[in-house]
Amino acid sequence: AGRLSVDVFTGTVGSGKSHIARAYAHRIMHLRGFKSGVHWIDATSDQLFEQGVRDVAKTVPYLERISEAEFRLVQPRVKQWLQAGLRRSWLVVVDGVNSVKMLQRMKAELLPNGGVEVRERCHVIMTTRWTKVTVTTALDDSHFRLVVHNPPPTLIEEHPVEVVTKR
């Protein structure tokens with residue numbers, strides 16, 4: 001048990017953040033095996049974020065049949081399920097967290113609260129255009145094991161998986 005692993009990929013528009021996050025997710029998915037699922041959430045807008053959370057909810061046994069009208073009532077249950085899932089294993093990729101508002105939503109609606117026991121196989125990957133300093137400040141929290149990656153674009157193009165797996 002320990003802190004929740006959060007890998008953040010930073011870079012400018014078009015620098016390959018999503019590509020490298022996908023490659024990294026694929027790699028660790030095969031290395032660790034996530035029994036409770038691998039989930040991709042597009043955070044470039046509120047609507048896409050909500051759709052991504054709905055897609056996660058559809059994988060939760062007791063939330064899979066919810067209607068659109070009921071979703072707002074059960075949305076907090078997704079976070080509860082992820083926290084309960086900390087005893088299992090899951091991976092959530094949140095792509096395009098480029099505003100403070102979206103980061104706050106991600107933390108409030110998805111990430112486990114402090115004091116919750118976390119297994120090594122629970123993992124969050126986030127992509128953002130923010131700088132390493134901004135990300136580190138925004139996610140400065142003792143219950144996260146935060147690693148910020150900002151590889152040079154030429155390395156991403158040549159070796160997307162190797163760049164992030166060599167720490």
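Author: A salt bridge is a side-chain nitrogen of Lys or Arg within 4 Å of a carboxyl oxygen of Asp or Glu. In this predicted model, Asp46, Glu50, Lys101, Arg105 and Glu109 are linked in a network of such bridges. The structure holds 5 salt bridges.

Reader: Why is the pair Asp46 and Lys101 called a salt bridge?

Author: The closest N and O atoms of Asp46 and Lys101 are 2.7 Å apart. The cut-off is 4 Å, so the pair qualifies as a salt bridge.

Reader: What does the pair of Asp46 and Lys101 tie together?

Author: Asp46 lies in helix H2 (residues 46-57) and Lys101 in helix H4 (residues 100-109), so the bridge ties together parts that are 55 residues apart in sequence.

Reader: Why is Asp46 counted as partly exposed?

Author: Its relative accessibility is 23%. Partly exposed covers what lies between buried, under 20%, and exposed, over 50%, so Asp46 belongs there.

Reader: What makes Asp55 and Lys58 a salt bridge?

Author: Their side chains meet at 3.9 Å, N to O. The limit is 4 Å, so this pair also counts. Asp55, at 36% relative accessibility, is partly exposed, and Lys58, at 48%, is partly exposed too.

Reader: How do you know that Glu109 and Arg105 form a salt bridge, and where do they lie?

Author: The closest N and O atoms of Glu109 and Arg105 are 3.0 Å apart, and the cut-off is 4 Å, so the pair meets the definition. Both residues lie in helix H4, 4 residues apart, about one turn of the helix.

Reader: Is Arg105 buried or exposed?

Author: Arg105 has a relative accessible area of 13%. Buried means under 20%, so Arg105 is buried.

Reader: Which residues does Gln75 contact, leaving aside its neighbours within four places in sequence?

Author: Gln75 is in contact with Val53, Arg105 and Glu109. Gln75 is found in helix H3 (residues 68-84). Its relative accessible area is 10%, under the 20% limit, so Gln75 is buried. Gln75 and Ala57 are 18 residues apart in sequence, with their C-alpha atoms 7.7 Å apart in space.

Reader: Why are strands S2 and S3 said to pair?

Author: Pairing needs at least two bridges, and S2 (residues 38-42) and S3 (residues 90-95) have 5 in the parallel sense, so they pair. Trp40 has Val93 as its bridge partner in S3.

Reader: Which side chains of S2 point to the buried face?

Author: His39 and Ile41 point to one face and are buried.

Terms used
Residues are numbered from 1 along each chain as its sequence is written. This is a predicted model: local features need pLDDT of at least 70, side-chain atom pairs count only at pLDDT 80 or more; totals for chains, interfaces and linings use all residues. Side-chain values use heavy atoms; hydrogens and water are left out. Buried means under 20% relative accessible area, exposed over 50%, partly exposed in between (1.4 Å probe, protein chains only). Contact means heavy atoms within 4.5 Å.
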